[in-house]
There are 2 protein chains.
Amino acid sequence: MLIGFVIVVKRLADLGERAAIRQINSILTKEKKHHGIGDDCAAIDMGNTYWLVTTDMMFQRTHIPKQMSPYQMGWFLVAMNISDIAAKGGTPLGVVCSFGLPKSTKESFLKALTKGADACAVKYGTTIVGGDTKETVEITLCGTTFGFVKKSEFMARTGAQLGDIVAVTGTLGKAGAGYYALNRKKQEKKLTNALLRPLPRLTEGRLLAKQQSVTSSMDLSDGLSASLYQLQEVNTVGFEIKKTALPLDPRLLHIFSNKNEADLYDVALHFGGDYELLVTIQKNRFENTRKTLQKKDTALTAIGRVTRKKDIVLLDKGKRSLLENKGYEHFRKHRF
Amino acid sequence: MLIGFVIVVKRLADLGERAAIRQINSILTKEKKHHGIGDDCAAIDMGNTYWLVTTDMMFQRTHIPKQMSPYQMGWFLVAMNISDIAAKGGTPLGVVCSFGLPKSTKESFLKALTKGADACAVKYGTTIVGGDTKETVEITLCGTTFGFVKKSEFMARTGAQLGDIVAVTGTLGKAGAGYYALNRKKQEKKLTNALLRPLPRLTEGRLLAKQQSVTSSMDLSDGLSASLYQLQEVNTVGFEIKKTALPLDPRLLHIFSNKNEADLYDVALHFGGDYELLVTIQKNRFENTRKTLQKKDTALTAIGRVTRKKDIVLLDKGKRSLLENKGYEHFRKHRF
């Protein structure tokens, strides 16, 4: 007699990305002196400095808006990497690119792609030092950037302390504004550049690092809510965010001029694609740090505070509610 | 009246990979003190040392044999990288992986993939220090490894001098033997491991580097003929290769026991996938260098010499012919 049994085969779709990352983390051999599994960059202990390394992949179908030009794709690939270096307070030293391209790719596409990647690297004081091309079915771009930071200036994701100020650089919702502009067939660069050709906060990251007042840091590419949840997961604290304190981007106000307020904050909180920095800063050091960035024409805006309770609360006109975690998946990557 | 005109749109398929790489190279901004555009690794000038960085992508359809297990895929991804570090005489410091996986991927696949990548990193004295996962249509794996080497021990692709000995580590044709074994449904690990779970020559790379007798170096992953042509392209010399001197792998002899001799040499010369090193060595230092590797149980075999004339000649029983350049495309990558 045969006894029937069912083998449960879990697939990534059921498992969920978080569980997948936990699986990977539980398997990997760890080198204790290094830092950074689960952080924006891997950080390799080199004595007084960390070497920083970060990698990103872009796939045509899932990550590249159809309006994105090849120049913008190249720029975006490098910008994503630079933003990760910025979030750690680092200085980039070089970029390596892998271009997986279909046989039917036009020569002009390859040229523009390369020019975009090169221009972004040069804009941020570095160069593309190597890479390779491979034939593939779907456009697949992989960028790796490496750099360094003094250990004393390294801004990890972990370290947020009760009472710290939660702050963001620049404004929120500009990539979202660009996305909605494109959906409405508005192609003006001033509206779409933030989405398609973002400017990571490298100078600001270095300024913040030198202040040594930042207790935790990451970039905002996944959106504010998703980023806050990622930060909270690796820290032993919670956050209280004041909705009206969020620095909405003027372009968002322009795009949604006829809509109600809720949409604006929804985009600013959840859309992602804003290559700003999210940091926690020692309360008594916040004002000086803010002024330092202001001198370089970058706003640093307090949007809340670090709390003891391990949840994320949104304060809206005295009303408290749990912040939803709904960063847009198409912008999100899942680190290990 | 309209005058008709034809716009010639070149595509990568017409352009050819070499021309594509030249296009990329002509566009990229160069940082003079760095080394390595077109080399196995990018080499960043850090004073007394170079930081080495190398990156590789693997795609399911074009690079992953269907018999390759997920564990072997992970291993292979890291091994390709380690081999590039080895070819420069370097020591790896860390590996970053990006896994692009379909939603339908089984949890067990992810675990095995991670274990394979981890095992290869640990085998070569390093660890996986970070990475990310992304959802994609086709399995796409990107590995980046970084390391370092003293400038005085760096083995560049350029530097071959007239009269130098051309040599290879280990044996040739073992990956090819594995390929033909699989085609004949022979799954024995001793036959297929060289193809599916290669062992790059990291220790040997370091030993060669310390000898400081190597004048140019690259890995053999693309196959001997393709590699010789790549080496020749960046040097101002040619090569004369003695066919009967090629160290054929015993597994190749085993697989082709009933075939004629020509097939054996064809595989050894062109197949690729052998993660050995191809080097040129100062003639008067060759014997000492060979003995140094022999003490560590690795053969270093002289297969020819560096010539003045910029071509690659194959010597076979006194007959001279130009060596064909026909490395198997499925193993080849195209660097910039």
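In strand E10 of chain A, Thr307(A) is the bridge partner of Gly238(A). The model is a predicted one; local features need pLDDT of at least 70, side-chain atom pairs count only at pLDDT 80 or more, and totals for chains, interfaces and linings use all residues. Residues are numbered from 1 along each chain as its sequence is written, while chains are lettered from A and ligands numbered from 1 in the order in which they are written. Strands (E, at least two residues) and helices (H or I, at least four) are DSSP runs, numbered from the N terminus.

Four bridges join strand E8 (residues 238–242) of chain A to strand E10 (residues 300–307) of chain A. The two run antiparallel. Strands count as paired if DSSP finds at least two bridges between them. The open sheet of chain A has seven strands, in the order E7-E9-E6-E10-E8-E11-E12. Its pairing is mixed. Strands E7 (214–219) and E12 (319–322) of chain A stand at the edges; each has a single partner strand, so one side of each lacks a neighbour in the sheet. From one strand to the next, the twist averages 25 degrees. Helix H4 (residues 70–87) of chain A packs on this sheet and touches E7 and E9 (277–281) of chain A. Contact requires C-beta atoms, placed from the backbone, within 7 Å. The direction of H4(A) makes about 175 degrees with that of E7(A). Such angles run from 0 to 180 degrees between N-to-C directions, with axes fitted to C-alpha atoms, for helices over the stretch in contact.

An automatic or database assignment sets the domain bounds. Chain A is assigned domain 1 (33–152) and domain 2 (155–331). Their centres, taken over C-alpha atoms, are separated by 23 Å. The contact takes 26 residues from domain 1 of chain A and 23 residues from domain 2 of chain A. On the domain 1 side, helix H3 (60–63) and H4 of chain A each supply at least two residues. H4(A) gives the most, with 11 residues.

Confidence was examined next. Over residues 1–7 of chain A, pLDDT is below 50. Beyond near neighbours in sequence, that stretch has zero contacts in the model. The complex receives an ipTM of 0.83 and a pTM of 0.88 from the predictor.

Key:
Contact = placed C-beta atoms within 7 Å. pLDDT = per-residue confidence, 0-100.
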